[in-house]
Amino acid sequence: MVGEEAITMMDPAGLKAIGAGLAVGLAGLGSGLAEKDIGAAAVGAMAENEALFGKGLILTVIPETIVIFGLVVALLIS
């Protein structure tokens, strides 16, 4: 069986690196997608009312915390 040999030859350190990369990459991708919509809505709200700048800024920064969680998971994996 060729498939079984390929699975047994995988290096655990390489699998950890792939997992860490996926944790950071997918968290960044999700954060970017969320921040895109929130940022557009925040800019639209600020165009209507400049007093909403602080709230818009805070709501735009919140999805960036997801990337920090992904980084923490990656550090725990490696």
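In this predicted model, helix 2 and helix 4 are roughly antiparallel to each other, because their axes cross at roughly 175° and angles over 145 degrees count as roughly antiparallel. Helix 2 covers residues 12-48 and helix 4 covers residues 64-77, and the two axes come within 8 Å. On the helix 2 side, the contact is made by Lys16, Gly19, Ala20, Ala23, Val24, Ala27, Gly28, Ser31 and Glu35. Helix 4 contributes Glu64, Ile66, Val67, Gly70, Leu71, Val73, Ala74 and Ile77. Sorted by class, the residues of this contact comprise 10 nonpolar, 4 polar and 3 charged.

Helix 2 also meets helix 3, which spans residues 53-61. Their axes come within 9 Å and cross at roughly 175°, so helix 2 and helix 3 are likewise roughly antiparallel to each other. Here Glu35, Ile38, Gly39, Ala42 and Met46 of helix 2 meet Phe53, Gly56, Leu59 and Thr60 of helix 3. The contact of helix 2 with helix 3 has 5 nonpolar, 3 polar and 1 charged residues.

Setting aside neighbours within four places in sequence, threonine 60 is in contact with Glu35, Ile38, Gly39 and Ala42. Alanine 42 is 18 residues away along the chain, and its C-alpha atom is separated from that of threonine 60 by 7.3 Å.

Key:
Residues are numbered from 1 along each chain as its sequence is written. This is a predicted model: local features need pLDDT of at least 70, side-chain atom pairs count only at pLDDT 80 or more; totals for chains, interfaces and linings use all residues. Side-chain values use heavy atoms; hydrogens and water are left out. Axes are lines fitted to C-alpha atoms, for helices over the stretch in contact, and angles run from 0 to 180 degrees between N-to-C directions. Helices (H or I, at least four residues) and strands (E, at least two) are DSSP runs, numbered from the N terminus. Angles under 35 degrees count as roughly parallel, over 145 as roughly antiparallel, 65 to 115 as roughly perpendicular and the rest as oblique. Contact means heavy atoms within 4.5 Å. Ala, Val, Leu, Ile, Met, Phe, Trp, Tyr, Cys and Pro count as nonpolar, Asp, Glu, Lys and Arg as charged, and the others, Gly among them, as polar.
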